[in-house]
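Okay, thanks everyone for coming.

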Amino acid sequence: MTDFAVPSVESLSIALNDLPAGQRAWFWMCSHVESDRPAIALAPFGESEPQPFFDAAGEISIPIGSLPATGIATVDADGCLNLASFLIEKGDLERLAFFTKRHISSYPGLSRLRDLRLVRLSAEHTIVEVFEDPLLWSGIPKPIVEGTTRAQLEK
């Protein structure tokens, strides 16, 4: 069982780097976070039960009136991260791109957020809407993700 500390931007960068194509993870996200804490926290499936992870992420201070989204993250065959939850909204994508650009020079692993897709789910667990915008990520280097064709070609 893994003990989770309150997430940091550094721990997010490391967690993102450790996610190969095909990996799934639990996520916690509040794109309104304005501190030195991350807007997203991740814990790969199988490391432990999800509740200790969510408890640790819940220690991140969020603005009054903000609701964090929790859900499942997946990494597709191209290495792009997809976050699926009931509480995702379109504005989250722009705020996450801004967060990434603000911290990328200190934490290059955040490049894994490039081309992020946010998937809003219904109460019946069906896809209501997908938010993506490649233009938001200009200036963020395209990462090489383990398990992708690009990673194999770069070897």
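Predicted model: local features only at pLDDT ≥ 70, side-chain atom pairs only at ≥ 80, totals over all residues.

The largest nonpolar core has 30 residues, and the ones touching the most other members are M29, L42, L81, L83 and L118. Who contributes to this core? You get at least two residues from each of these: helix α1 (9-17), the strands β1 (24-29), β2 (40-44), β3 (69-75) and β4 (81-85), and helix α3 (90-103). As a general thing, nonpolar side chains in soluble globular proteins tend to be buried together.

Leaving out residues up to four places away in sequence, L83 touches F27, M29, I40, I72, A73, I88, L116, R117, L118 and V119. There's also another core, apart from the largest one, with nine residues.

S31 sits in the loop between β1 and β2. Buried or exposed, what would you guess for S31? S31 counts as buried, because its relative accessibility is 8%, and the cut-off for buried is under 20%. What does its side chain do in there? The S31 side chain makes a polar contact with the side chain of D92 at 2.5 Å, and another with the side chain of R95 at 2.7 Å. Not counting residues up to four places away in sequence, S31 touches A39, D92, R95 and L96.

N82 is the other polar residue I'd like to show you. N82 lies in strand β4 and is buried, at 11% relative accessibility. Its side chain and that of R117 are joined by a polar contact of 3.0 Å. Setting aside residues up to four places away in sequence, N82 touches I72, A73, T74, D76 and R117.

Okay, aromatics. The search of the whole structure gives three aromatic pairs. One of them is W26 with F45, a tilted pair, 4.7 Å centre to centre with 35° between the planes. W26 is in strand β1 and F45 is in the loop between β2 and α2 (50-57), so this pair ties together parts that are 19 residues apart in sequence. W26 is partly exposed at 25% relative accessibility, and F45 is partly exposed with 25% as well. Then there's F53 with F54: the ring centres are 5.1 Å apart and the planes are at 55°, so that pair is tilted. Both F53 and F54 are buried. Put together, W26, F45, F53 and F54 form one aromatic cluster.

Last stop, the hairpin. Strand β5 (residues 117-121) pairs with strand β6 (residues 127-131) in the antiparallel sense, over four bridges. V119 stands opposite V130 in β6. There are five residues between the strands of this hairpin, and H125 takes a positive phi there, near 65°.

That's my tour, happy to go back to any of those spots.

Definitions and conventions:
Residues numbered from 1 in each chain as written. Heavy atoms only, no water. Core = buried A, V, L, I, M, F, W, Y, C linked by side-chain atoms within 4.5 Å. Buried < 20%, exposed > 50% of the residue type's maximum accessible area, 1.4 Å probe, protein only. Contact = heavy atoms within 4.5 Å. Polar contact = N/O pair within 3.5 Å; in protein donor to acceptor, adjacent residues only side chain to side chain. Phe/Tyr/Trp six-rings, centres within 6.5 Å; stacked < 30°, edge-to-face > 60°. Pairing = 2+ DSSP bridges.
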